[in-house]
Amino acid sequence: MSRTLAGRATSITAVALAATLVAACGGGGGDAGDGKIKLSIGIFSDFGYTDLIKEYQAAHPDIEVEQRTVKMEQHHTQLATQLAGGRGAADIVAIEEGNITQFRQSKDKFVNLADHGAKELEGQWAAWKWNQGTADGGDFVLGLGTDMGSLALCYRRDLFEAAGLPTDREAVGALWPTWDAYLEVADTFSRKTPNVKFVDTAQNVYKAILDQTEEGYFAKADDSFIGDKNDKVEQAFTLAASLGEKKQTGALAPFSQDWNVALKQASFATTTCPAWALALIKAGAGDEAAGKWDVAAAPGGGGNWGGSFLAVPKQTEHPKEAYELAKWLTAPEQQKRIFKETGNLPSEPAAYKDPEVTATTNEYFNGAPVGRIFGDSAESLKPTYRGTKDSKVTPVFNNALSRVETGKQSTAEAFDQAVREARDAAK
């Protein structure tokens, strides 16, 4: 699963937290006292694995699987510490696409899944997704792809109607073929409904635009920092910040508690929504908003926001068994089932092109044909290169956008400061 930016919010139960703390000290699986092979899988948020793991255990009575779930940022920070210390990592670990380049630099800490036959599976995934999870020209397979974050735009039908705008999803998508057109719709909406914000946060708009470019902060050729001279970074920043300067955003931290409250109160009318975000919108807005939200094509065409991989740290005592479980969880049939349960879009063409997926609708979102919408977006997307220091630079620009939204700086001042701070962060 995925979630970049500020990270997807997820609740942590006392049991899960305790398991994580134990894992930080004690390591991965091992052997259970009853002679079973015990595997652990470390994830963040809802990957849709609970029922699948029960099914896998029933088919493999000699294997016991434990899930460990924490927030995304905490998960990756802990994983880096566990890899450096040589202990504490789960037998299988999820790595979000925004962090995969970072962990690719530590591939010596992971099992090369090619040694267990993974290269034979290459054709299952979209080529770009497979390539993201490999190194050394494809000879080293670091992780098997889970979902991807095909991009769309979610909007409140009732708020659009109040502003005199179309509510039909095809007509709404036609309003904003480009992000400049999206700004024009924002102006129209704000004139008609000044007490409601047009969009939740400038940060999400900024990220969505960047995710439609081949390069963002770092050069694909040599991983050098180019955020200070890549015109597309400044253009995306300026466009997103203009919404903040006009007070057309809720100035919300993405996927935070305040964001959930704003959803419940219908305080904003649009939000960028990769496939996995639908569940978060539904959870935040509640049952009373059923049918009021809908899904339209995103400005600028397709894009990818998020998506993850399952990797196997070398610390595991059971690399073969861990690989076989990761292989099964990421197979097309399981990816289709996960999509139906959670909305996480498969990263394998055989799955996202399957009639069962393309025919899927979401009743909460006014019966939106989400299988077709996100599948079409997946076909046109070109993933953005993530640099090894991407996770250090991204917050710098997000903080700068927040300063614009809250009136502390102008767009130019905030961008100039962000560039200076990003250069240091990228060193």
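**Salt bridges, a disulfide and a charged patch**

The side chains of K336 and E356 meet in a salt bridge, with a distance of 3.8 Å from N to O. K336 lies in helix α14 and E356 in helix α16 (residues 355–358), so this pair ties together parts that are 20 residues apart in sequence. The structure is a predicted model.

**The K336 and E356 pair**

- K336 counts as buried because its relative accessibility is 8%, and the cut-off for buried is under 20%.
- E356 has a relative accessibility of 41%, so this residue counts as partly exposed.
- The pair belongs to a network: salt bridges that share partners join E333, K336, K340, D354 and E356.

**Helix α14**

- Helix α14 covers residues 332–342, and its buried residues are Q334, Q335, K336, I338, F339 and T342.
- The residue that follows α14 is G343, which has a positive phi near 90°.

**Other salt bridges**

- Side chains of opposite charge can pair when their charged atoms come close.
- The count of salt bridges comes to 22.
- One of them joins the side chains of D294 and R169, at 2.9 Å from N to O.
- This pair links distant parts of the chain: D294 is in strand β10 (residues 293–296) and R169 is in helix α7 (residues 169–175), 125 residues apart.
- Both D294 and R169 are buried.
- Another salt bridge is formed by the side chains of E170 and R372, at 3.4 Å from N to O.
- E170 lies in helix α7 and R372 in helix α17, so the pair ties together parts that are 202 residues apart in sequence.
- R372 counts as partly exposed because its relative accessibility is 33%, a value in between the cut-offs of 20% for buried and 50% for exposed.

**The end of helix α17**

- Helix α17 spans residues 370–380, and S380 is found in this helix.
- S380 has a relative accessible area of 44%, so this residue is partly exposed.
- S380 and T361 are 19 residues apart along the chain, and their C-alpha atoms are separated by 21 Å.

**The disulfide**

- A disulfide is a covalent bond between the sulfur atoms of two cysteines.
- The count of disulfides in this model comes to one.
- C154 and C273 form the disulfide, and their sulfur atoms are 2.2 Å apart.
- The pair links distant parts of the chain: C154 is in strand β7 (residues 143–156) and C273 is in strand β9 (residues 268–274), 119 residues apart.
- The link of C154 and C273 is right-handed, with 95° about the S-S bond.
- C154 counts as buried because its relative accessibility is 0%.
- C273 also has a relative accessibility of 0%, so C273 counts as buried.

**The negative patch**

- D231, E234, E413 and D416 form a negative surface patch.
- The elements that give two or more residues to this patch are α10 (231–245) and α19 (411–425).
- D231 lies in helix α10.
- D231 counts as exposed because its relative accessibility is 53%, and the cut-off for exposed is over 50%.

Technical notes: Residues numbered from 1 in each chain as written. Predicted model: local features only at pLDDT ≥ 70, side-chain atom pairs only at ≥ 80, totals over all residues. Heavy atoms only, no water. Patch = residues over 30% accessible without salt bridge, like charges linked within 9 Å, V, L, I, M, F, W, Y side chains within 5 Å. Areas by Shrake-Rupley, 256 points an atom, 1.4 Å probe, with all protein chains shown as cover. Salt bridge = Lys/Arg side-chain N within 4 Å of Asp/Glu carboxyl O. Lys, Arg positive; Asp, Glu negative; His and termini not counted. Charge placed at Lys NZ, Arg CZ, Asp CG, Glu CD. Helix = DSSP H or I, 4+ residues; strand = E, 2+ residues; numbered from the N terminus. Buried < 20%, exposed > 50% of the residue type's maximum accessible area, 1.4 Å probe, protein only. Disulfide = S-S within 2.5 Å.
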